[in-house]
Amino acid sequence: MKTFRMRFADFTAFTRQPRYLLPLDETPGQRTTATASLFLAEYPLFLTVSALSIGSLLLTSHLTGQDVLRLLNPSSRFPLTVLIVAGLVAPVLSETLFRFMLRLTPARLEVAVALLLLVLIDLSYKGIKAVLNEQAVFWVVPVWIVVVWQLSRCIRRPAVYTQIERFWQVNFRWVFYGLALVYALFRVDNTVSLTDWQVLWLPVLLLPGWLIGLYLGYVRMKYGFWFAVAVHALMMSLSIGLEIIRLL
């Protein structure tokens with residue numbers, strides 16, 4: 001119980017005043033085994049947040065009438081393969097998109113910009129395809145490559161990156177909260193389809209995702225990117241496990 005109180009106090013202190021830290025796995029001289037040992041000592045906090053995640057999914061199911069714990073489309077041809085790939089790939093993609101660049105470097109910023117542009121393309125692809133018909137992909141991909149290349153050149157200019165990094169550090173608190181909120185919005189949008197009146201439940205549905213986003217951000221900044229990926233994967237493991245049981 002004492003360990004939980006200490007870890008919870010550390011987590012709440014960080015979320016009240018997020019700090020632009022050098023994660024332990026990037027700290028010179030810090031052994032990976034020592035970092036992993038500290039990380040594993042946080043299991044009570046992890047279990048609490050995992051319970052919150054499960055509870056939020058059950059609440060979402062209750063409020064919307066949708067089975068959000070079901071990850072697979074019943075018509076999936078290779079369900080087990082889909083589950084395994086989802087369990088491995090989804091946490092990496094999610095953490096890359098929402099928390100990789102919390103600790104900023106030029107390369108990380110370039111990756112985040114490239115992924116963000118891909119997301120924007122995905123959201124608007126139907127409209128683009130309606131205009132360009134079947135040739136859409138032959139226009140979109142080259143344009144994306146050129147835009148990413150030009151933005152990367154701009155980001156790598158010392159004067160430009162210095163300004164971005166200074167802004168990031170000064171406003172890190174709001175960056176941290178903002179990315180957690182965007183993650184919560186993405187989580188809700190990716191989980192359920194809300195009808196007109198169900199939109200009223202949006203603040204309730206967003207809160208658990210926001211708290212989980214804060215926790216994953218805390219892990220990312222304290223321990224490192226791959227530790228956040230590991231936590232995310234473990235949090236997904238219950239839903240994946242339930243799906244595997246259904247398949248058997």
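Me: How many residues does the chain have, and what percentage of them count as buried?

Reply: This is a predicted model, and burial in it is judged from relative accessible area, with buried meaning under 20%. Of the 248 residues in the chain, 38% count as buried.

Me: Is Val-148 buried or exposed?

Reply: The general idea is to compare the relative accessible area with the cut-off, and a residue under 20% is buried. Val-148 has a relative accessible area of 15%, so Val-148 is buried.

Me: Where does Val-148 lie, and with which residues is Val-148 in contact once its neighbours within four places in sequence are left aside?

Reply: Val-148 belongs to helix H6, which covers residues 136-155. With those sequence neighbours set aside, Val-148 is in contact with Ala-114 and Leu-117. Ala-114 is 34 residues from Val-148 in sequence, yet their C-alpha atoms are 5.9 Å apart in space.

Me: What percentage of contacts between residues at least 6 apart in sequence join residues at least 24 apart?

Reply: Such contacts are read by the sequence separation of the two residues. In this chain, 79% of the contacts between residues at least 6 apart link residues at least 24 apart.

Me: How many helices and how many strands does the secondary structure contain?

Reply: One counts the elements and then reads their order along the sequence. The chain has ten helices and zero strands, and its pattern is α-α-α-α-α-α-α-α-α-α.

Me: Which residues make the nonpolar surface patch?

Reply: Ile-54, Leu-58, Leu-238, Leu-242 and Ile-245 make a nonpolar surface patch of about 410 Å². Helix H3 (43-64) and helix H10 (225-247) are the elements that give two or more residues to this patch. H10 supplies the largest share, three residues.

Me: Why does Leu-58 count as partly exposed?

Reply: Partly exposed lies between the buried limit of 20% and the exposed limit of 50%. Leu-58, which is placed in helix H3, counts as partly exposed because its relative accessibility is 48%.

Me: How much accessible surface does the chain have, and what share belongs to carbon and sulfur atoms?

Reply: The total is read together with the atoms that supply it. The accessible surface of the chain is about 14700 Å², and 69% of that belongs to carbon and sulfur atoms.

Notes: Residues are numbered from 1 along each chain as its sequence is written. This is a predicted model: local features need pLDDT of at least 70, side-chain atom pairs count only at pLDDT 80 or more; totals for chains, interfaces and linings use all residues. Side-chain values use heavy atoms; hydrogens and water are left out. Buried means under 20% relative accessible area, exposed over 50%, partly exposed in between (1.4 Å probe, protein chains only). Contact means heavy atoms within 4.5 Å. Accessible areas come from the Shrake-Rupley method with a 1.4 Å probe; for residues, only the protein chains shown count as cover. Patches are made of residues with over 30% relative accessible area and no salt bridge: like charges are joined within 9 Å, nonpolar side chains (Val, Leu, Ile, Met, Phe, Trp, Tyr) within 5 Å. A salt bridge is a side-chain nitrogen of Lys or Arg within 4 Å of a carboxyl oxygen of Asp or Glu.
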